[in-house]
Amino acid sequence: MRNFILAGCVLLLAATTARAEDESDMLLQNRLQAHIDFLADDLMRGRQPGSNGYNIAANYVSSQFRQIGLLPAGVDGGYFQQVPLRQAFLEPGSAELVLSHGTTTIPLVFVDQFFMGPDLGNTSSELEAGLVFAGYGIEAAELEHNDYVNLDAKGKVVVLIAGQPHDFPSEEGAHFSSTTEKTKAAVRHGAVGILMIHTPRASQRFQWDRVSSLVGAPSMGWINGQGEVHGEFDQIQAGAMIRHTAAEPLFENAPVDLKTLLERDGNGEALTTFDLEGKVSLRQRSTHENISSPNVVAVLPGSDPLLANEYVVYTAHLDHIGELHSDSVEQPENDLINNGALDNASGVSVMLETARLFTQGQPPRRSILFVAVTGEEKGLVGSEYFAMNPTVPIDSIVSEVNLDMPLLLYEFGDVIAFGAEHSSLGDTVKEAAQSYAIELSPDPFPEQNIFVRSDHYRFVQQGVPSVFLVTGLSSLDGSVDTQPIFEGFLHEHYHKPSDDLNLPINYKAAAKFTRINAKIGELLANDSNRPAWHEGDFFGRTFAK
Ligand SMILES: [Zn+2]
């Protein structure tokens, strides 16, 4: 009898605990939805840095930080770290690109055949120069690759093929094929301009059709102590991207024609490099405006006196790409607001609820820093500013976990952590995921160079072991075919007004993703050892201080 009663009590207790768990999960799901509903509303008008919409979103995040119980960790005792920005707009009709051979001139058509963004360095630029073809334009001693061998690029415009050799390891390849690294290589070799050929292979990452959506959008960069835009290279006076179908005339009388080069790029064969006969002239005018936009920073202090002055950092970008220009679309009466529900209201929402989970459990030994960054869509600008002007000492940051565009559209069975192979963080993420019966999968899209395309990369560049966590491609019950959902999002909704609240966001998946994300931070914050780059790892060797 007693046993029976006891068994009954245990059952009752189990049922009560299960119900309490369900209720707390429902609360978590509702909160996750509430943040996304607010941040992706049309009233935010796409959260472009400097806009009212972004500023309201930033106020929302700082208000949430305070409600959750986090302390301000921005500048001057507040939650904000204002990022001084320059924004540049291309003057409509001012972009020109003309190829010439002897007396023949071929003007290319803006948007249809070539594209150039606004110039952050100069309000007007004009360049006429000879040309060299420098393959991918990559100089990577570590990978025994140098496109500039036997090539004199001094005073020339370098013509480059987008991307990288097929046999590069994915994340090192992502680093060396980034615009910044290619620009640095061109500068080292004395080039004065860059023409990047957009290839069929590059279309996997960015289709030329999408170029029109960039028309009218400002470029942005952060302004350093000298009043200059960080990362601009004075020596490079002009640059443009050319559609491969319009680039053939560049290769007139060349040792190898463009068609052959594109085939080699497609098949993974080595390119070659050579001088080109013709000339190019590039022109444009831009208008400049100095603005500022805040990163929003909060801290949960650690409980261990020995470790509390070290920080586990989470980032999620709060900005998105604003509104489409009505003259850049066929039907301007349609929805023009890029709400960015998954890019990245979802990541910010997950970060806020991760913070709340930390305040509900045992306090972590290390401190946890939460940073909602601005200007991600403009080239990881806010995160770079933070990583180079951190509000806590950079060497006190032990790791960084970035949340950007988790596709919370189905009950995922695995997660991906870009960068996991490079440091002990890989094992940490795996352990955290497995505690929720979720697997850690390798990068399924090595050709997309995702490792250099979000905010964690700015911390990597400061030597901090970092990962970028997203949901994977397997589904929990196996009956959902996730590939079309994933690719469908990238093709139909990514950086479009339809990345909005009409998407079927799965809040059960969002809750689990949040718990895994919090578990990663918990493991990192409580481990007596700091996370470390793997012995001899490329990124550790290149950037660790
Ligand atoms: Zn984006």
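Start with helix 2 and helix 6: helix 2 passes helix 6 in a right-handed crossing. A crossing is right-handed if the near helix is turned clockwise from the far one by less than a right angle, and left-handed if anticlockwise. This is a predicted model, in which local features need pLDDT of at least 70 and side-chain atom pairs count only at pLDDT 80 or more, while totals for chains, interfaces and linings use all residues. Residues are numbered from 1 along each chain as its sequence is written, and side-chain values use heavy atoms, with hydrogens and water left out.

**Stop 1: helix 2 on helix 6**

Select residues 52-68 for helix 2 and residues 341-360 for helix 6. Helices (H or I, at least four residues) and strands (E, at least two) are DSSP runs, numbered from the N terminus. The two axes come within 10 Å and cross at roughly 15 degrees. That angle makes helix 2 roughly parallel to helix 6. Axes here are lines fitted to C-alpha atoms, for helices over the stretch in contact, and angles run from 0 to 180 degrees between N-to-C directions. Angles under 35 degrees count as roughly parallel, over 145 as roughly antiparallel, 65 to 115 as roughly perpendicular and the rest as oblique.

Now show side chains. Helix 2 contributes Tyr 60, Val 61, Gln 64, Phe 65 and Ile 68 to the contact. Helix 6 contributes Val 348, Met 351, Leu 352, Ala 355, Arg 356 and Thr 359. Contact means heavy atoms within 4.5 Å. By class, the residues are eight nonpolar, two polar and one charged. Nonpolar covers Ala, Val, Leu, Ile, Met, Phe, Trp, Tyr, Cys and Pro; charged covers Asp, Glu, Lys and Arg; the others, Gly among them, are polar.

Stay on helix 6 and select Asn 344. A cis peptide bond joins Asp 343 and Asn 344, with omega about 10 degrees. Most peptide bonds are trans.

**Stop 2: helix 6 on helix 11**

The axes of helix 6 and helix 11 come within 9 Å and cross at roughly 60 degrees. Helix 6 is therefore oblique to helix 11. This crossing is right-handed. On helix 6, pick Val 350, Glu 353, Thr 354, Leu 357 and Phe 358. On helix 11, pick Phe 513, Thr 514, Arg 515, Asn 517, Ala 518, Gly 521 and Glu 522. Together they give five nonpolar, four polar and three charged residues.

**Stop 3: helix 8 on helix 11**

The crossing is right-handed. From helix 8, Leu 425, Thr 428, Val 429, Glu 431, Ala 432 and Ala 433 take part. They meet Ile 516, Lys 519, Ile 520, Leu 523 and Leu 524 of helix 11. The residues of this contact divide into eight nonpolar, one polar and two charged.

**Stop 4: helix 4**

Select residues 179-188. Which residues of helix 4 are buried? They are Glu 181, Lys 182, Thr 183, Ala 185, Ala 186 and Val 187. Buried means under 20% relative accessible area, exposed over 50%, and partly exposed in between (1.4 Å probe, protein chains only). The cover includes strand 7 (139-140), strand 9 (157-161), helix 3 (170-176) and strand 10 (193-198). After helix 4 comes Gly 190, with a positive phi near 85 degrees.

**Stop 5: aromatic rings**

Rings of Phe, Tyr and Trp (its six-membered ring) pair if their centres lie within 6.5 Å; planes under 30 degrees apart count as stacked, over 60 as edge-to-face and the rest as tilted. The count comes to 19 aromatic pairs. Zoom in on Tyr 314 and Phe 370: the ring centres are 5.5 Å apart and the planes lie at 5 degrees, so the pair is stacked. Tyr 314 sits in strand 14 (residues 311-317) and Phe 370 in strand 15 (residues 367-373), 56 residues apart. Both are buried. Next, select Phe 176, Phe 451, Tyr 457, Phe 538 and Phe 539, which ring pairs link into a cluster.

**Stop 6: two loops**

Go to the loop between strand 1 (71-72) and strand 2 (80-90), and select Gly 78. Gly 78 is partly exposed, at 23% relative accessible area. Leaving aside neighbours within four places in sequence, Gly 78 contacts Pro 72 and Ala 73. Its C-alpha atom is 9.0 Å from that of Val 296, 218 residues apart along the chain.

Asp 76 lies in this loop too. Asp 76 has a positive phi of about 55 degrees, although not a glycine. At 79% relative accessibility, Asp 76 is exposed.

Finish at Asn 253, in the loop between strand 12 (238-243) and helix 5 (258-267). Asn 253 also has a positive phi, about 65 degrees. Its relative accessible area of 59% makes Asn 253 exposed.
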